[in-house]
Amino acid sequence: MDSVENKKKMERGELYHAFTPDLIAERNRCMHACARFNNAGDVPRRRLTELFRDVLCDKTPLPPQAATLEEDEKLFEDDPWIQPPVNMDYGYNVKLGKNVCVNFNATFLDTCTISLGSRTLVGPNVSFFSATHPLDPVIRNGTKGPEYGLEINIGEDCWIGGNVVILPGVRIGRGSVVGAGSVVTKSVPDFTIVAGNPAKFIRKVETAMDPASGKDWKGWEDENTHGAEVPVAEVSVREAEQPTTQNK
């Protein structure tokens, strides 16, 4: 088997074989990098950033160290905040924007690219599954058969509640909210609240950030900073009250 072409098929979302020596080695590298990050303990932000960039295979050089610890911490304030433990398959297929926060026990099956836009917040125990398998067991064939993946794209300014599962090929639009415990099987438009298993439409997010609102958004000071109008914990309860025509 041509290992280079096999990996290209994985990246393109085509059927490929995951249990080849090179891909097994890449997953082992990521597993050990995650373990170093997860077990780092009480270390400065600089060290955590260095360890997490190693998970992602991000070779961006760290900035020169500042004179004080406080000043040095500020150098990384736009880097993602990741609460360990975190687990990934490859690491290099995970792309995170500025000021992203991912709470503990996140899982990224990053067969294909999984991207999270800037300022997106992710609750605990959230799983991003870009990997999937053929339905036909003859083709699937355990570890000897092929599998494939589809990209996951989470837009900027989203809020993903705890214990959410996001399935292959899903796109979640900018400023959208996913209620706790949801399983997202279909893409979500911009500025939309969804919840449930499978996740369904609840209502639109009312914000001046949405061009469709007709309002002129001048900055964060104009936004509601006291929390969501519909708490994530209540979204799944209110879903039942919505007309079935909105459950799309």
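This is a predicted model: local features need pLDDT of at least 70, side-chain atom pairs count only at pLDDT 80 or more; totals for chains, interfaces and linings use all residues.
Close-up 1. Elsewhere, salt bridges that share partners join R119, E156, D157 and R174 into one network.

**Close-up 2. The salt bridge between R12 and E14.** The closest N and O atoms of this pair are 3.0 Å apart. R12 is partly exposed, its relative accessible area being 46%. E14 is likewise partly exposed, with a relative accessibility of 33%.

**Close-up 3. The salt bridge between D72 and R46.** Here the closest N and O atoms lie 2.8 Å apart. The pair links distant parts of the chain, 26 residues apart: D72 is in helix α4 (residues 69-74), and R46 is in helix α3 (residues 45-56). Both D72 and R46 are buried. The salt bridges of the model number 11 in total.

**Close-up 4. The open sheet of 4 parallel strands.** The strands are arranged in the order β3-β6-β11-β14. At the edges stand β3 (94-96) and β14 (171-172), each of which pairs on one side only. Strand β3 pairs with β6 (residues 114-116) in the parallel sense over 3 bridges. Within this pairing, L96 stands opposite L116 of β6.

Definitions and conventions:
Residues are numbered from 1 along each chain as its sequence is written. Side-chain values use heavy atoms; hydrogens and water are left out. Two strands pair if DSSP finds at least two bridges between them. Helices (H or I, at least four residues) and strands (E, at least two) are DSSP runs, numbered from the N terminus. A salt bridge is a side-chain nitrogen of Lys or Arg within 4 Å of a carboxyl oxygen of Asp or Glu. Buried means under 20% relative accessible area, exposed over 50%, partly exposed in between (1.4 Å probe, protein chains only).
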